[in-house]
Every structure is written in C-alpha cells, then in structure tokens.
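Load the coordinates and follow along.

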Amino acid sequence: MLRGGTMKTLYELHGAGHSIRAIARELGIARNTVRKYLRAPGVPQPAPRPRRPSKLDPYKE
C-alpha cells in the first residue's frame with residue numbers, strides 16, 4: 001500500500017498529464033502499481049490475510 005503523500009503526488013502527476021511510465025519513474029514504484037491506483041474507483045484496500053496456524057494447534061483442546 002502506498003502512503004498518503006505518495007498517492008497525492010501520483011494523482012497530481014496524473015492530473016498534470018504525465019504518463020504512467022513517467023509517474024512510476026518519478027516515484028520509484030512499479031508501473032502496474034501506478035495503473036492499479038489510477039484505475040481504482042477509490043483507494044484500494046489490502047485483502048485480509050488468513051491467520052497462520054500455530055505449532056501447538058494439534059495439542060490444544
């Protein structure tokens with residue numbers, strides 16, 4: 001996930017007419033990440049991750 005300042009800069013550069021490649025180069029992030037944020041209707045939220053099982057799970061009641 002990008003931080004607020006980076007996202008703000010991303011949208012400002014896009015509004016100024018910069019290409020996805022130029023934005024990615026300027027911010028030091030991948031082009032696919034820039035594309036994902038520009039295509040999303042809102043701010044993308046991370047998917048919840050499943051909990052990792054414990055080694056002690058077989059011994060718990």
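Start with G17, which comes after helix α1 and has a positive phi, near 95°. Keep in mind that this is a predicted model. The chain averages a pLDDT of 91, and 100% of its residues reach 70 or more.

**Confidence**
- Confidence is highest in helix α2 (residues 20-27), where the mean is 96.
- At the other end of the scale sits helix α1 (residues 4-15), with the lowest confidence, at a mean of 91.

**Helix α1 on its own**
- α1 runs for 12 residues and spans 16 Å from its first C-alpha to its last, close to the 16 Å expected at 1.5 Å a residue.
- Which residues of α1 are buried? They are M7, L10 and L13.
- Why do these three end up on the same side of α1? Because they cover an arc of only 130° around the axis.
- The general rule behind that kind of pattern is 3.6 residues a turn in an α-helix, so residues three or four places apart point the same way.

**How α1 and α2 pack**
- For α1 and α2, the angle is about 145° and the axes are 10 Å apart.
- Their crossing is right-handed.
- On the α1 side, T6, T9, L10, L13 and H14 make the contact, while α2 brings I23, E26 and L27.

- Is A24 buried or exposed? Its relative accessible area is 5%, under the 20% cut-off, so A24 counts as buried.
- Leaving aside residues up to four places away in sequence, A24 touches I29, A30, R31 and V34.
- From A24 to R35, 11 residues apart along the chain, the C-alpha atoms are separated by 9.3 Å.

**Q45, after α3**
- Q45 sits in the segment that follows α3.
- With 64% relative accessibility, over the 50% cut-off, Q45 counts as exposed.
- The C-alpha atoms of Q45 and T33 are separated by 13 Å, with the two residues 12 apart along the chain.

Key. Residues are numbered from 1 along each chain as its sequence is written. This is a predicted model: local features need pLDDT of at least 70, side-chain atom pairs count only at pLDDT 80 or more; totals for chains, interfaces and linings use all residues. Side-chain values use heavy atoms; hydrogens and water are left out. pLDDT is the predictor's confidence in each residue, from 0 to 100. Helices (H or I, at least four residues) and strands (E, at least two) are DSSP runs, numbered from the N terminus. The expected span of a helix is 1.5 Å times one less than its number of residues. Buried means under 20% relative accessible area, exposed over 50%, partly exposed in between (1.4 Å probe, protein chains only). The arc is that of the directions from the helix axis to the C-beta atoms. Axes are lines fitted to C-alpha atoms, for helices over the stretch in contact, and angles run from 0 to 180 degrees between N-to-C directions. A crossing is left-handed if the near helix is turned anticlockwise from the far one by less than a right angle, and right-handed if clockwise. Contact means heavy atoms within 4.5 Å.
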